[in-house]
Amino acid sequence: MKKYDVAALGELLVDFTRNGTSGQGNPLFEANPGGAPCNVLSMLQRLGKQTAFIGKVGEDSFGKMLRDAVAEQGIDISNLVADKDVPTTLAFVHTAFDGDRSFSFYRNPGADMMLRKEDVDFSLLKDARIFHFGSLSMTDEGIESVTKMAVEAAKEGGAWISFDPNLRPPLWKSLDRAKEKIAYGISRCDILKISDDEIEFFTGTADIDEGVAKILGEYHTPLICATMGRLGSRSYYRGERVECEPFLSEDTIETTGAGDTFMACVLNAVLEQGLDGLDRQKLYEMLEFANAAASIITTKKGALRVMPRKEEILRLIQERKR
């Protein structure tokens, strides 16, 4: 028995999301705790799993707010450290009329990039069933080396490796470098969550099946889940291709955290059923649950503090079947 179901390493930051207009006509922004890895862990905590986060924030008011928010979710923060010289990373989220987003980052550098070997308790990784990471912990050489060490430590401990590219072009010095680091993540993972846009970026084709076939042909990833926004999702596993329709909502506000919520639900299914012996029915139920959860989070501001609960997700699934 291992202490943690999932451990994750990566960025923890403040997402400033638009929340109205002041009396003077100025836009108002709400400071939401964010960062893909902790969003994933927060959703897993909602589903009753034990998680731990490895990362760095600034020794500032934003860093304290983030530490408190992550701890409130029940996530182990014993390896969340503070940098006294570099401030906490900030992101401003700009939302389009259809709920899609673009980002403006204040991360040159940001504290999350300053995580170093001596900051990390690698024994924690060997006590986790799954290790999860994304490409943003490889945008800088220092944090990249720590991330790769973490991947290898987790593998040595027998963990499954989970990877989400979570491509954010403004944070890369070049998109060729982004592609190279995404290739590393895919080469090391057992579970891949990748969006339709990321498939096109990485493989050069907008056809989901064709793009996934290219990935499978080169990397032989055991489980791939492709998210397609308003078109739902697909899973690819041992020659099986399973598709699930989306749960579209008229109450959608923004898509922040939707992919992370989906990712967490996939990991939850793997934790409960294993990575061997998944059949078409189990894959469909996994996607259905993940799609429903992702739909719910789009109706809320932010993500980490407002992840849906299992009962809420199951209720939405049942409502559609009536």
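Which residue takes a positive phi in the hairpin of β2 and β3? Select Gly25: its phi is near 85 degrees, and the hairpin has 5 residues between the strands.

This is a predicted model, in which local features need pLDDT of at least 70, side-chain atom pairs count only at pLDDT 80 or more, and totals for chains, interfaces and linings use all residues. Residues are numbered from 1 along each chain as its sequence is written, and side-chain values use heavy atoms, with hydrogens and water left out.

**The hairpin**

Strands are DSSP runs of E of at least two residues, and helices are runs of H or I of at least four, both numbered from the N terminus; two strands pair if DSSP finds at least two bridges between them. Within this pair, Asn32 of β3 stands opposite Asp15.

**The open sheet**

Next, display the open sheet of 9 strands, whose order is β5-β4-β1-β8-β9-β10-β11-β12-β13, with mixed pairing. At its edges are β5 (76–83) and β13 (240–244), each of which pairs on one side only. From one strand to the next, the twist averages 15 degrees. Axes are lines fitted to C-alpha atoms, for helices over the stretch in contact, and angles run from 0 to 180 degrees between N-to-C directions.

Inside the sheet, select β8 (residues 128–134) and β9 (residues 160–164), a parallel pair with 5 bridges. Trp160 in β9 is the bridge partner of Ile130.

Helix α5 (residues 175–188) touches β8, β9 and β10 (191–195), and its direction makes about 150 degrees with that of β9. Contact here means heavy atoms within 4.5 Å.

**The nonpolar cores**

A nonpolar core is a set of buried Ala, Val, Leu, Ile, Met, Phe, Trp, Tyr and Cys residues joined through side-chain atoms within 4.5 Å. Buried means under 20% relative accessible area, with a 1.4 Å probe and protein chains only. The largest core has 56 residues, and those with the most contacts inside it include Leu12, Leu44 and Ile313. Centre on Ile313: among the residues it touches are Met43, Phe289 and Pro308. Another core, of 51 residues, lies apart and includes Ala154 and Tyr219.

**The cysteines**

Finally, select Cys244, which is buried at a relative accessible area of 0%. Its sulfur is 11 Å from the closest cysteine sulfur, in Cys225, and therefore too far for a bond. The structure holds 0 disulfides (cysteine sulfur pairs within 2.5 Å).

Technical notes. Buried means under 20% relative accessible area, exposed over 50%, partly exposed in between (1.4 Å probe, protein chains only). Lists of a residue's contacts leave out its neighbours within four places in sequence.
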